[in-house]
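Welcome, and thanks for taking a look.

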Amino acid sequence: MKERTCFNQTSVDRLASLDGVDLMEEYIIPGRAVVILGEVLKWGNLSQWRPAYLDDKIGSKYVDVAVSQSRVFRYGPREAASSARMTFREALQKIQAAHPEEAVYVMQQPIAAQFPELESDIQPPDYAGANAAAHLWFGGANNVTPLHFDALCNLFGQVFGRKRFLIYSPKHLEEMYPLPVDAPFSHVSPVNAENPDFLAHPRFEEAQCHEVVLAPGDVLFLPPFWWHCVRSLDVSISVNFWWPPSLQHCLVPAGLRLLHGSYALDRLQTAGVPFRGPDGFMGAAQEMMARGLYWPAILLAGAEVESAVRDMARLSGIDDHADGSPKTLSFLNRDLLAAKAYDSAIADWILSLDFWFATACQEPDLPIGLDETRLILDAVAKLFPRPAKAEGEI
Ligand SMILES: O=C(O)CCC(=O)C(=O)O
């Protein structure tokens with residue numbers, strides 16, 4: 001029986017085919033990294049993609065490229081790679097030059113928006129998530145994308161040339177020396193994974209690295225929040241699909257950190273999947289509670305209350321902003337009580353719940369148990385019941 005979570009993953013399986021393999025059940029749903037050899041051949045006509053073929057199809061189009069003297073293409077925060085606009089053909093000439101003055105990289109370009117001419121060559125596989133969007137990567141040998149994670153499922157297809165991935169399970173958040181969650185580029189590690197400085201980053205030595213080389217045709221499923229550093233071993237063309245994670249994928253240190261960050265930012269109001277379902281945040285809150293993740297469950301209940309109270313304020317004609325910033329829950333509560341949107345018993349409940357939401361946000365290390373969490377979630381469900389669904393409604 002295969003392990004069910006990425007946390008225990010000790011090696012990355014290399015599957016010669018998908019015959020007899022339930023990719024969803026064994027890898028994608030539990031968030032386990034895997035390589036499928038030769039699978040790109042089944043993604044439409046990608047096997048004909050060579051630099052000359054792309055030149056033929058899109059050579060005269062303008063494209064934004066990343067530019068780097070060092071061949072390291074940082075997203076930030078240090079030495080962020082600069083960018084330039086040029087025709088695809090100019091980029092291709094620089095990519096194929098033996099000694100370019102500076103390296104260029106066509107990075108993560110959305111194919112449907114930028115190169116619709118190429119779209120008919122691509123047939124997304126049925127195991128890619130709904131609305132998974134294809135992106136193009138085209139660059140020279142030895143281009144490096146430094147260590148970072150993405151909060152997305154990633155199906156990465158190597159089309160031409162080889163690429164080497166150094167990948168690390170999300171359990172190694174602390175070993176990656178991440179920036180604070182509210183800092184820009186908090187998904188980028190300062191560690192040089194290819195040549196680590198263990199004096200500066202001693203914890204990095206504890207992180208288990210999986211080295212994965214993709215040859216033309218190979219596909220890597222990289223689950224959300226896995227750290228990766230990527231080097232092109234040759235002139236390389238890749239196509240990848242990204243799609244949003246499930247709630248289960250987010251139950252890793254960086255995912256839970258993101259939940260806290262989004263709560264602190266705007267009470268999860270702009271968070272979409274996976275925290276907010278068609279029935280609001282309470283489904284995810286219940287699931288967190290069932291998994292023993294009590295503070296995250298309370299944060300999600302807080303997001304539900306905040307949503308409901310803001311909706312009520314709008315319906316009652318109350319401005320939910322003061323001096324340009326959103327009013328806090330306690331201010332809105334006071335305004336709604338004054339407008340007789342509800343009585344003082346409900347207002348008192350909201351006030352005491354707000355204490356728990358603030359504590360969940362500021363002190364997630366304090367011990368809290370199932371009983372308190374259940375009380376809070378039950379109180380929220382009673383205060384703001386979701387309308388019962390009509391028979392047959394999904
Ligand atoms: O191929 C690369 O250079 C980087 C790929 C990457 O970072 C990604 O797909 O998330």
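R71 sits in the loop that joins β3 (62-68) to β4 (82-87). Keep in mind as you look that this is a predicted model. The phi angle of R71 is near 75°, a positive value in a residue that is not glycine. How many other C-beta atoms lie within 10 Å of R71? There are 18 of them, so R71 counts as partly exposed.

F225 is found in the loop between β11 (219-222) and β12. Is F225 buried or exposed? F225 is buried, because 27 other C-beta atoms lie within 10 Å, and the cut-off for burial is 20 or more.

## A cis peptide bond and an exposed alanine

If you check omega values, stop at the peptide bond from V273 to P274: this bond is cis, with omega near 5°. P274 belongs to the loop between α6 (253-266) and α7 (282-290).

A97 is another loop residue, placed between α3 (88-96) and β5 (103-110). A97 counts as exposed because it has 12 C-beta neighbours inside 10 Å, and exposed residues are those with 12 or fewer. Along the chain, A97 and G139 are 42 residues apart, while their C-alpha atoms are separated by 11 Å.

## Around the ligand

Which residues surround the ligand? They are W137, T145, D150, N154, F156, K163, H228, V230, S238 and N240.

## A helix pair

Helix α9 (residues 329-338) packs with helix α10 (residues 344-362). The angle between them is about 180° and their axes are 10 Å apart. The two helices are therefore roughly antiparallel to each other, since angles over 145 degrees fall in that class.

On the α9 side, the residues that meet α10 are L329, S330, N333 and L337. Their partners in α10 are S344, A347, I350, L351 and D354. By class, this contact is made up of five nonpolar, three polar and one charged residues.

## Two domains

Where do the domains run? Domain 1 covers 6-243 and domain 2 covers 248-383, and their C-alpha centres lie 36 Å apart.

Eleven residues of domain 1 make contact with eleven residues of domain 2. On the domain 1 side, the touching residues divide into eight nonpolar, two charged and one polar.

## The whole chain

Zooming out, the protein has eleven helices and 15 strands. Its C-alpha atoms fill a box of roughly 75 × 55 × 50 Å along the principal axes.

Of the 394 residues, 39% count as buried. What share of the contacts with a separation of 6 or more comes from residues 24 or more positions apart? The share is 76%.

Technical notes:
Residues numbered from 1 in each chain as written. Predicted model: local features only at pLDDT ≥ 70, side-chain atom pairs only at ≥ 80, totals over all residues. Helix = DSSP H or I, 4+ residues; strand = E, 2+ residues; numbered from the N terminus. Contact = placed C-beta atoms within 7 Å. Near = placed C-beta within 6 Å. Axes fitted to C-alpha atoms, helices over the stretch in contact; angles between N-to-C directions. Parallel < 35°, antiparallel > 145°, perpendicular 65-115°, else oblique. Nonpolar A, V, L, I, M, F, W, Y, C, P; charged D, E, K, R; others polar. Domains from an automatic or database assignment.
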